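Student: I would like to go through the labels attached to this model and ask what each one rests on.
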Amino acid sequence: HRELLAEGKRHGTFSFNLARYYSDKRDYDRAMPLLQQMDFDDPLLNLQGKMMLLKMYYETDAQNALESLLTSLDAYLRRKKLGEQQREAHRNALRFVRRLFLLPERDTAGRAALRKEIGDTDLVAMKEWLMEVTGK
């Protein structure tokens, strides 16, 4: 139903949703290019796309891209007008992803402690995914 979307938003909205579909299927080779070229006027949609990229970079062990995106997302959260809960949820997610990124894979005690902290924190974007990856 792409043709039913407003012409100015048609390409971006279609690409975003196609990227989300591929991301959910863990077909990151198809999802990443769609998100990397994305630039929406809506800050929340833009943020959601960048958070999907963050997840993909972590799961594909793209360390340099992950570090770069974490830094740019910090700046984005400071710059954009967002609700305080949205800002806090995403800042918490970035903080947890950074800590997870630094944990050795075999540090099961560290992962368990991080998982508990994530579970105990009320506002966390991508909480379900963070709980999943810390439980591995």
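**Labels and their grounds**

Tutor: The model is a predicted one. Start in helix α5, where Glu84 and Arg87 both lie, 3 residues apart, about one turn of the helix.

Student: What makes Glu84 and Arg87 a salt bridge?

Tutor: Their side chains meet with N and O 4.0 Å apart. The cut-off is a side-chain nitrogen of Lys or Arg within 4 Å of a carboxyl oxygen of Asp or Glu, and the pair is listed as a salt bridge.

Student: Why is Glu84 called exposed?

Tutor: Glu84 has 55% relative accessibility. Exposed means over 50%, so Glu84 counts as exposed.

Student: And is Arg87 buried or exposed?

Tutor: Buried: Arg87 has 11% relative accessibility, and the limit for buried is under 20%.

Student: Which residues do salt bridges with shared partners join into one network?

Tutor: Arg26, Glu59 and Glu132. The structure holds 8 salt bridges. In one of them, Arg26 pairs with Glu132, with the closest N and O atoms 3.1 Å apart.

Student: How do you know that this pair links distant parts of the chain?

Tutor: Arg26 is in the loop between α1 and α2, Glu132 is in helix α7, and 106 residues separate them.

Student: Why are Arg26 and Glu132 called partly exposed?

Tutor: Partly exposed lies between the 20% limit for buried and the 50% limit for exposed. Arg26 is at 45%, so it counts as partly exposed. Glu132 is at 37%, so it counts as partly exposed too.

Student: What joins Arg30 to Asp27?

Tutor: A salt bridge, with the closest N and O atoms 3.7 Å apart. Arg30, at 48% relative accessibility, counts as partly exposed, and Asp27, at 25%, counts as partly exposed.

Student: Why is α4 called roughly antiparallel to α5?

Tutor: Their axes come within 11 Å and cross at roughly 155°. That makes α4 roughly antiparallel to α5, because angles over 145 degrees count as such. α4 passes α5 in a left-handed crossing.

Student: Which residues make the contact between α4 and α5?

Tutor: From α4, they include Leu66, Leu70, Leu73 and Leu77, and from α5, they include Leu94, Val97 and Phe101. Arg87 of α5 also takes part.

Student: What is Leu54 in contact with, leaving aside its neighbours within four places in sequence?

Tutor: Leu66, Leu69, Leu70, Leu73, Leu94, Val97 and Met126. Leu54 is also among the residues with the most contacts inside the largest nonpolar core, along with Leu35, Met51 and Leu130. That core has 39 residues. The elements giving it two or more residues are α1, α2, α3, α4, α5, α6 and α7, and α3 gives the most, with 8 residues.

Student: Why is Trp129 called buried?

Tutor: Trp129 lies in helix α7. Its relative accessible area is 6%; buried means under 20%, so Trp129 is buried.

Student: How far apart are Trp129 and Lys55 in sequence and in space?

Tutor: They are 74 residues apart in sequence, and 8.4 Å apart in space, C-alpha to C-alpha. Leaving aside its neighbours within four places in sequence, Trp129 is in contact with Lys55, Tyr58, Glu59 and Val97. Of these, Glu59 belongs to the salt-bridge network with Arg26 and Glu132, and Val97 is also in contact with Leu54.

Definitions and conventions
Residues numbered from 1 in each chain as written. Predicted model: local features only at pLDDT ≥ 70, side-chain atom pairs only at ≥ 80, totals over all residues. Heavy atoms only, no water. Core = buried A, V, L, I, M, F, W, Y, C linked by side-chain atoms within 4.5 Å. Buried < 20%, exposed > 50% of the residue type's maximum accessible area, 1.4 Å probe, protein only. Helix = DSSP H or I, 4+ residues; strand = E, 2+ residues; numbered from the N terminus. Contact = heavy atoms within 4.5 Å. Axes fitted to C-alpha atoms, helices over the stretch in contact; angles between N-to-C directions. Parallel < 35°, antiparallel > 145°, perpendicular 65-115°, else oblique. Left-handed = near helix turned anticlockwise from the far one by under 90°.
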